[in-house]
Amino acid sequence: MTCIRQRAKSPEQKALRRQQILDAAAGYFAEAPFEQVSLHDIAQRVGITKAALYRYFRSKEALFLALYHQQMERLIEHGEQLPPGDDAATVCAQALAEEPLFCRLNAILHTVLERNLTEDEARNFKLGLLPLLQRFATLISRWLSISVAEAVELLLHIQQAMIGCWHICHPSKTVAAAIAEPPLTLFRLEFSATLQQHLSWLFAGYKASHIHRTASNALNSGTAHNSPDSTAEIQ
């Protein structure tokens, strides 16, 4: 990507500069945890001052929320290229595991990235996620043959499973060293396989619940149709 060393003036230059900042943030975050990533280092890599960076992002959290949005869009585009397959849990887990940057951002979304926001910033961020959630839900609905509305509900549970699996599969260096040898190796878990197992249980439970609700609604509808009151109304 072309690097602009002078001040960006045109809309195109500003868009390019913004993307350079996001790319630099992604590069540092791939190498270090969020708390060790410095806005000063990001600005230096882009070739601007920290003050200039603040013209694009008010805070470190705002910068990484923009990166989260971009990475989620990338994840969905990736998922849209995958064939449905017979095992929806495997397809979904594979799509997520192949986007580790998004997974890392998602793991700290609620506990770190959303903490230092104004109410307007929080609202705008969530509003910006709605179209992406709709696209992601469309994928889930295709994989599981359920409605998009049901897929939106399920997607929130997928996020919860994903966050939990990421943390338990990525312990601190001290804990990782402690569980490296038997008998503690049972605590060593691989993210993709663990997430796939969780999603298998989640999807199976959701499909069973979906079938039960559908059958109950059909039964209730038939009962109401054949009730004395409904017969009287028809007469």
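Predicted model: local features only at pLDDT ≥ 70, side-chain atom pairs only at ≥ 80, totals over all residues.
Residues are numbered from 1 along each chain as its sequence is written, and side-chain values use heavy atoms, with hydrogens and water left out.

The structure contains 7 salt bridges (a side-chain nitrogen of Lys or Arg within 4 Å of a carboxyl oxygen of Asp or Glu). One of them joins R58 and E121, with an N to O distance of 2.6 Å. R58 lies in the loop between α3 (50–53) and α4 (60–80) and E121 in helix α8 (residues 119–144), so this pair ties together parts that are 63 residues apart in sequence. Helices are DSSP runs of H or I with at least four residues, numbered from the N terminus. Both R58, at 43% relative accessible area, and E121, at 22%, are partly exposed (between the limits of buried, under 20%, and exposed, over 50%; 1.4 Å probe, protein chains only).

A salt bridge of 3.8 Å (N to O) links R135 with E73. Because R135 belongs to helix α8 and E73 to helix α4, the pair connects parts that are 62 residues apart in sequence. Within helix α8, E119 and R123 are 4 residues apart, about one helical turn, and their closest N and O atoms are separated by 2.8 Å in a salt bridge. E119 is exposed at 59% relative accessibility, while R123 is partly exposed at 40%.

Key:
Helix = DSSP H or I, 4+ residues; strand = E, 2+ residues; numbered from the N terminus.
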